[in-house]
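Please keep the sequence and the coordinates at hand while reading.

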Amino acid sequence: MRTRTLELTVGLFILVGILALLVLALRVSGLSISPGNDTYKIHAHFDNIAGLTPRAKVTMAGVTIGQVTAIEFDKSRYTARVEMAIDGNVNTLPSDSAASILTAGLLGEKYVGISVGGEDSMLKDGDRIVDTQSALVLEELIGRFLLSTVSKED
Amino acid sequence: MTDDSEFIVDLKQVTFKRGGRTIFDGVDIRIPRGKVTGIMGPSGCGKTTLLRLIGAQLRPESGEVLVNGQDIPRLRREALFRARQNMGMLFQSGALFTDLSVFENVAFPLRVHTELSEDMIADIVKLKLQAVGLRGANGLMPDELSGGMKRRVALARAIALDPELLMYDEPFVGQDPISMGVLVRLIRLLNDALGLTSIVVSHDLAETASIADYLYVIADGQVLGHGAPDELMESDNPRIRQFMRGEPDGPVPFHYPAKDFTDDLLQRGEHK
Amino acid sequence: MKTLSDRIALMGASGLDVVAALGRSGVFLFHALLGRSNFGSGWNLFVKQLYAVGVLSLAIIIVSGLFIGMVLALQGYNILSTYGSEQAVGQMVALTLLRELGPVVTALLFAGRAGSALTAEIGLMKATEQLSGLEMIGVDPLKYVIAPRLWAGFVSMPLLAMIFCVVGIWGGAMVAVDWLGVYAGSYWSNMQNSVEFGSDIINGLIKAVAFAFVVTWIAVFQGYDCEPTSEGISRATTRTVVYASLAVLGLDFILTALMF
């Protein structure tokens, strides 16, 4: 086979391979949505995060506005401290907004949903969301349900 | 470094073992310069190993392998590289590089060892191919050649750098009479015309004896004898005699060791 | 009649043989990859081998990738629909391919197609004394013949694995979206949400690189080390496929345990 054709074919092969990697990176893994460039950090405390993981999305009104960056155990308050990076454009979150841990779909990826509050002052870098709702744990739900049925039968 | 001594290759007390077998046990072999020397012996006696020892593909356990005064197995990379420029080897099957054309095969040593221009390389290649009679096959690929032609191209490649020493590993095996004749003629011609020393390893008695000036007969890791072909024919040593005359029975027995024939036959009822 | 002690001795001997072969292959690899070459446009040789080993394997990789992706989508859909989670088929196909099937199947196919070809080619060169011929001319066959093939394998197999994954995901999309009626948006967005570049794609790539190293090394060594007869070559080719496949599967287990 002629050297020129050979080299072209090989070059093409390598290009296709690298392209495949790029396609995987951008289209399959959603790499383009990467926080870290112009975000601000806020945190919140939850009694039970039940399966929330770092890199989980943070949404408001269903729209992704940020990511969970870190989850730690707070030794003094015995709660989970969840740190989130919010997109810099979304800087009009009232300081009394509430954060809840919700489940997406039946197979249950956990994510953080923020519902809007009413205050005039906005959340800034380093602020804390006070009003939180922990994740729903199935056993507690069942327990509550059984309890309510029992009390109804009184 | 050339030496004008009488012997171009000098093996001194060389011992070589492989896989528990002793192939050479303290042998001394001297190859006279400028002549065709044949190395003969029964199959498996280590003739090819000898060539590999001279070419530094193998290292002896003990002893010296001197080529032009240099102890080949102990040479460093650079020196070995230069020493190889002076040796050509024709392998049993030709060993042409199958992915290169005839031209590229012959040009290969030139490209490795020299920095000649393309024109010069082309001229030299054509010269070498002309010497072996295959200049017209310049552009063919090895798989388009017959066995005899492959060997001739390999020969052209072996002389590409005008070495002083040419080694032939079983060149006559499986050749038809014509290619045999061609090869025999070429070996002698090249040796004389180019002033080379040729070492021909073979067990083909007639052909080798017809062109060799000197012969070594090797068996069982030892040199049985050496001398001019006619001398060896008249040798007193029974083993040399048996080999040179092709006698089926002698020191190398015809019968594989077995018990007495009559006993063996009479025991047929007792076979398990 | 072999006694028990004879048999045990034989086992020990073959165990020693294996260790000796392993040692030889280590030295072999060292000399092939490191140290100066004394001749050669290594680049041209490398490109030629990339073609032989990489480009020519494209056909089988693409076809297999396509079919495996499609089957994954099909089976995945069946299983997930019992939980009402058909929308997750995208992430299932993608994660399975990226983490496991992509690198492993590519490596197995590569061992069978390119690996056995390498072994046979090098074995044939050994049997026809071309390797000795190179040595006599003063060219180190490890640098001239073996090294380009090693590098070609190291480079092309990971690329092939990536191509395999992409083709598989696309095939899965074809089946899931066009045939089974999964909503295109959910296929891709669920996938994007659950596939992480760092832990899934990069780890898959790391696996592919590790497999490439092992498969190519085994293929090339078996060819170099084989007995220079036609029987020897065919035995070496079989050994390449078997050893390489076992090595890939074993390595896969170890890497998965370490990474995931």
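## Chain B in outline

Of the 272 residues of chain B, 36% count as buried; a residue is called buried if 20 or more other C-beta atoms lie within 10 Å of its own, exposed if 12 or fewer, and partly exposed in between, with C-beta atoms placed from the backbone. The structure is a predicted model, in which local features need pLDDT of at least 70 and side-chain atom pairs count only at pLDDT 80 or more, while totals for chains, interfaces and linings use all residues. Residues are numbered from 1 along each chain as its sequence is written, and chains are lettered from A and ligands numbered from 1 in the order in which they are written.

The secondary structure of chain B comprises 10 helices and 10 strands; helices (H or I, at least four residues) and strands (E, at least two) are DSSP runs, numbered from the N terminus. The C-alpha trace of chain B spans about 80 × 40 × 40 Å along its principal axes. Two residues are in contact if their C-beta atoms, placed from the backbone, lie within 7 Å. Among contacts in chain B between residues at least 6 apart in sequence, 64% join residues at least 24 apart.

## Strand E8 of chain B

Strand E8 (residues 197-202) of chain B is largely enclosed by the rest of the structure, because six of its six residues are buried. B:Thr197, B:Ile199 and B:Val201 point one way from E8(B), B:Ser198, B:Val200 and B:Ser202 point the other way, and all are buried.

E8(B) pairs with strand E3 (residues 36-40) of chain B in the parallel sense over five bridges; two strands pair if DSSP finds at least two bridges between them. Within this pairing, B:Val200 in E8(B) is the bridge partner of B:Gly38. Strand E7 (residues 165-169) of chain B also pairs with E8(B) in the parallel sense, over five bridges, and B:Val201 in E8(B) is the bridge partner of B:Asp169. From E7(B) the chain crosses through helix H6 (residues 177-194) of chain B to E8(B), in a β-α-β crossover that is right-handed, meaning that, with the strands pointing away from the viewer, the path from the first strand over the helix to the second runs clockwise.

## How the chains meet

Which chains have the most contacts among the two pairs that touch? They are chains A and C. Chain A and chain B, by comparison, are joined by no contact, and their closest C-alpha atoms lie 11 Å apart.

At the interface, 26 residues of chain C are in contact with 20 residues of chain A. Helix H2 (42-53), helix H6 (141-179), helix H7 (184-194) and helix H8 (197-225) of chain C each supply at least two residues of the side that touches chain A. H6(C) gives the largest share of that side, six residues. The residues of this side of chain C divide into 18 nonpolar, five polar and three charged; Ala, Val, Leu, Ile, Met, Phe, Trp, Tyr, Cys and Pro count as nonpolar, Asp, Glu, Lys and Arg as charged, and the others, Gly among them, as polar.

In H1(A) and H2(C), the residues A:Leu6, A:Glu7, A:Thr9 and A:Val10 meet C:Val47, C:Lys48, C:Leu50 and C:Tyr51. By class, this contact has five nonpolar, one polar and two charged residues.
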